[in-house]
Amino acid sequence: MTLAADVLGDCLEIAAPLESLEVLLIESVGCVLANDVYAPNARPMADTALCDGYATSSRATSKATRVNPLELRVLADISADGTYYQPSGGTQKGRLKELGDGVAPASVDALTAYRIASGAALPVGADCVVPLEFSDEGAALVRIHTPVLAGDNMLHAGADVEKNSMIMRRGTRIDARQVALLAGVGIQRVRVHPRPRVVIISVGDELVDNIGQFSPSRVPDAQSRGGHHVFDTNSHALSVALSELGASVARFSSVPDSPHAVQTMIERHIARADVIIVTGGIGSQRSGAVMRALEEKGTVDFEDIDMLPVQRIGYGTVDDVPIYCLPGQPSAALIAYEIFVRPALKLMTGTKKLFRSSVRARIDRGWLSPLGYRQMVCAVVRRNKNGDYIAEIPVEPEQQLLSELASANALAVVTEDVQSVSAGDILHCMMLDDDAA
């Protein structure tokens, strides 16, 4: 029997980050950066207004009150795109002659201001923006009744991002927030590790694909199977899990439990795969269709491991493509994916953090655990009023109920040397929902 830790090491060894490529920013979502990214431009590139108002000198407003408002001459209106218009109080605007003649707009002094739109660059001499509500919103002349300080309602050039500064590190997964920053400094293309292309093959004569039959030779008819059928769980669940990692998934369900069918399916789809995941068909050498199919196909090891409920797993390569063979029992398959396959796929995407977060939690009930096996037990972990983690174990661990896995947010780990777990014991719990930690 092989140690689970050794198997995990072997599963990681056959995986490697996918070769990077340069893509358009919009196409990078879900991918992982292959190198550090530096800002080609500052953000903002100039001192920028944070609200609609009047750009002026803060010193001029220092004594403004409602009784004695400060009166300033409005030199122009500045739109968000930096165009200067003759002041007109919101009516039809005419472009300033100075702009057309190539003459720079006048600087702000103690008696002048520019009406400015939020997001526009401040004119020379302005060090603040007076909000509209601090004024009478005048057009050619404006009366300011509330003082402002230097830097109020504006953002200095480079305050958000300095030019040439590192803004994102290699290994960062790109989502909407990262796209916002990258686009905000003018980046159009980034170098990323591509999404892994994963082929899922679900093996079993008893399986019925309850959502859509991917193999036209398999008809979901219980009568044609002698009245016994099982809805395919693994291929659907693994497809979702892989999609959450950003993988591109091709799912093939209800593959007959025969070496020829499995081998044909692998040969047919290996060219489109960076990884192949097979579930089911990994029983004994004599009865396991997947094992027999892979005997002459690549280098694949099948190991009995010291972990419950997984117990057995296969891993290796076929034509240099990593392949992972998981149990057919749904709870065991999903737990095996979490422990052995997910970290390998994270490695392929270029992500730095390979493993789920874990916490130490106090268990609410006791049970007997098989000596010599690392037991993974479904748990619901929460914090009590004191901030301590508490782990609720819904049913007897050996039952392996899919309904309990669905409601769990963690796997409690019982080590190989523990035979009896008591209520109040503290166990490490691997969080299936990292936000819960």
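Predicted model: local features only at pLDDT ≥ 70, side-chain atom pairs only at ≥ 80, totals over all residues.
Visitor: How many salt bridges does a search of the whole structure find?
Guide: It finds twelve.

Visitor: What makes Arg197 and Asp274 a salt bridge?
Guide: Their closest N and O atoms are 3.1 Å apart. The cut-off is within 4 Å, so the pair qualifies.

Visitor: Where in the chain do these two residues lie?
Guide: Arg197 is in strand E14. Asp274 is in the loop between helix H6 and strand E18. The two are 77 residues apart, so the pair links distant parts of the chain.

Visitor: Why is Asp274 called buried?
Guide: Its relative accessibility is 16%. Buried means under 20%, so Asp274 counts as buried.

Visitor: Why is Arg197 called partly exposed?
Guide: Arg197 has a relative accessible area of 36%. That value falls between the 20% and 50% cut-offs, so Arg197 is partly exposed.

Visitor: How do you know whether Arg251 and Asp209 are buried or exposed?
Guide: Look at the relative accessible areas. Arg251 has 7%, and Asp209 has 4%. Each value is under 20%, so each residue is buried. Their side chains meet in a salt bridge, at 3.1 Å from N to O.

Visitor: What makes Asp304 and Arg312 a salt bridge?
Guide: The closest N and O atoms are 2.6 Å apart. That is within 4 Å, so the pair qualifies.

Visitor: Why is Asp304 called partly exposed, and why is Arg312 called buried?
Guide: Asp304 has 43% relative accessible area, between 20% and 50%, so it is partly exposed. Arg312 has 18%, which is under 20%, so Arg312 is buried.

How values were computed:
Residues numbered from 1 in each chain as written. Heavy atoms only, no water. Helix = DSSP H or I, 4+ residues; strand = E, 2+ residues; numbered from the N terminus. Buried < 20%, exposed > 50% of the residue type's maximum accessible area, 1.4 Å probe, protein only.
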